[in-house]
Amino acid sequence: MHTSDIIKSSINYIEQNLKTNITTEELASMAGYSVWHYHRLFVQYTGMSVSAYIGRLRLNRALNEIAGGRRAIDVALEYGFDTYAGFYKAFVRMYGGSPKNYLSKSEVSVMFTEKELRRILANWDMPQDLPILDVYTMDGTKVSGNVWLVGEDYILKTGSRESILTNMKVAKALAAQGFAASTPIPAKSGDEYLDRDQIIVLTRGIKGNPLSKSDRFGESRREFGKKYGESIARLHRALNVIESEIQPYEQNLYTHVTEWALPEVRKQNIQFNMGLPDTFFEDYITNFCILSDKLPKQLIHRDPNPSNILFDDDEVTGFIDFDLSEHNVRLWDPCYCATGILSEWRGVDDIYIKWPDVLEGIIRGYNNVNPLTTEEKQAIFYVICSIQMICAAYFESTDKYKELAGPSREMLKFIQKNEVHIRKALEQATQA
């Protein structure tokens with residue numbers, strides 16, 4: 001039997017006996033390997049140790065049973081925890097937040113075994129022996145267990161009804177406009193998705209990969225920035241045509257920041273000794289108030305970070321993940337792309353020089369395709385600050401992402417400290 005088949009057999013056994021005491025020694029004996037050799041193979045195949053895999057699966061299944069209405073203590077005991085406190089501590093260690101926080105959200109992520117994924121894929125007329133791989137972002141972070149690469153051409157995704165259906169609507173509408181888009185592949189039943197506890201959809205992948213960090217900050221950073229900006233501007237033209245079909249959520253950026261994010265960041269400024277002067281906040285409140293209502297608004301991507309923009313042969317081939325699309329100031333997308341690149345600044349030499357060059361390229365590219373209004377040119381710096389204040393406030397208030405709050409604060413401090421240099425780059429980018 002092939003090694004992968006042996007590990008798959010072990011995973012099936014784990015799934016069927018999740019509420020019993022399963023040991024690595026037991027699994028190794030069933031496979032006919034030494035414990036050391038078996039554990040090495042298991043880690044190679046799953047990306048985690050046997051105990052971590054079993055622990056994560058138990059926690060996930062227990063959470064879903066609790067979400068279904070069962071008593072937490074009963075579920076915890078059934079899955080091998082001596083007390084609910086033990087279950088709680090294990091959950092916080094694994095997920096970075098309490099079970100209550102997860103259950104308060106609109107959806108609970110389900111950890112699928114490979115056997116379950118194979119069973120799901122059988123609903124589509126496609127090769128059934130293709131490898132199923134997890135998806136990772138450019139920094140090596142695993143995307144939460146709701147999206148998988150199947151072979152080289154397919155993407156399997158699950159999630160809440162609202163986000164998946166919105167993503168599908170946008171993809172189909174963009175395809176009708178001639179854009180490369182991950183449109184749904186009908187199942188054997190003819191349906192575009194499986195309607196279960198969470199919607200499950202299979203799409204064809206878009207050719208290309210995210211641009212590497214070395215390219216984004218390399219010698220051609222201005223040119224690549226320009227390509228990012230031009231592609232976002234073309235995307236906006238297509239989104240503008242289809243907005244009436246999507247009926248997106250509408251966000252008031254200035255109100256969102258001044259009523260929530262800015263007050264939270266002011267607290268963090270004191271708590272973490274960030275050193276942001278009061279004039280920074282007062283300037284934002286006073287001047288962005290004058291500009292915000294005059295900024296063009298439309299359906300935007302909302303999350304055009306570098307991992308969601310694909311390149312092939314140094315050209316943009318398409319965008320992915322429209323789950324967060326909303327009606328907002330159009331400046332958000334090019335500015336968010338720029339701050340998404342800035343978030344990878346650690347380990348980059350001369351970031352003071354390099355990132356403003358990238359920003360200049362993005363804004364110049366966008367302006368070349370969708371000319372910016374006078375108010376937009378004046379508001380770019382404030383939109384960048386808006387994004388960073390929202391990120392710092394959100395990450396600090398969310399257990400799952402709390403570790404990202406520190407880097408977001410550092411980025412905001414960098415932006416405020418280098419305001420003169422950044423504004424100079426923006427002025428150069430928007431000159432006729």
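Strand E6 and strand E9 (residues 309-312) pair in the antiparallel sense over two bridges. Two strands count as paired if DSSP finds at least two bridges between them. Helices (H or I, at least four residues) and strands (E, at least two) are DSSP runs, numbered from the N terminus. In this pairing, Asn209 stands opposite Phe311 in E9. The structure is a predicted model, in which local features need pLDDT of at least 70, side-chain atom pairs count only at pLDDT 80 or more, and totals for chains, interfaces and linings use all residues. Residues are numbered from 1 along each chain as its sequence is written, and side-chain values use heavy atoms, with hydrogens and water left out.

E6 and E9 belong to an open sheet of three strands, in the order E6-E9-E10, with antiparallel pairing. Its edge strands are E6 (209-210) and E10 (315-319), each pairing on one side only. Helix H11 (residues 221-246) packs on this sheet and touches E9 and E10. Contact means heavy atoms within 4.5 Å. The direction of H11 makes about 40° with that of E10. Axes are lines fitted to C-alpha atoms, for helices over the stretch in contact, and angles run from 0 to 180 degrees between N-to-C directions.

Strand E5 (residues 199-204) has two partners described here. Strand E3 (residues 154-159) pairs with E5 in the antiparallel sense over six bridges. Ile155 has Thr203 of E5 as its bridge partner. Strand E4 (residues 194-195) also pairs with E5 in the antiparallel sense, over two bridges. Here Asp195 is bridged to Ile199. Five of the six residues of E5 are buried, so the strand is largely enclosed by the rest of the structure. Buried means under 20% relative accessible area (1.4 Å probe, protein chains only).

Strand E11 (residues 326-329) takes part in pairings of both senses. With strand E7 (residues 249-250) the sense is parallel, over two bridges, and Glu250 is partnered by His327. With strand E8 (residues 297-300) the sense is antiparallel, over four bridges, and Ile300 is partnered by Glu326.

The axes of H13 (residues 278-292) and H16 (residues 374-397) come within 10 Å and cross at roughly 130°. H13 and H16 are therefore oblique to each other. Angles under 35 degrees count as roughly parallel, over 145 as roughly antiparallel, 65 to 115 as roughly perpendicular and the rest as oblique. The contact includes Phe280 and Tyr284 of H13 and Tyr382 and Met389 of H16.

Technical notes
Buried means under 20% relative accessible area, exposed over 50%, partly exposed in between (1.4 Å probe, protein chains only).
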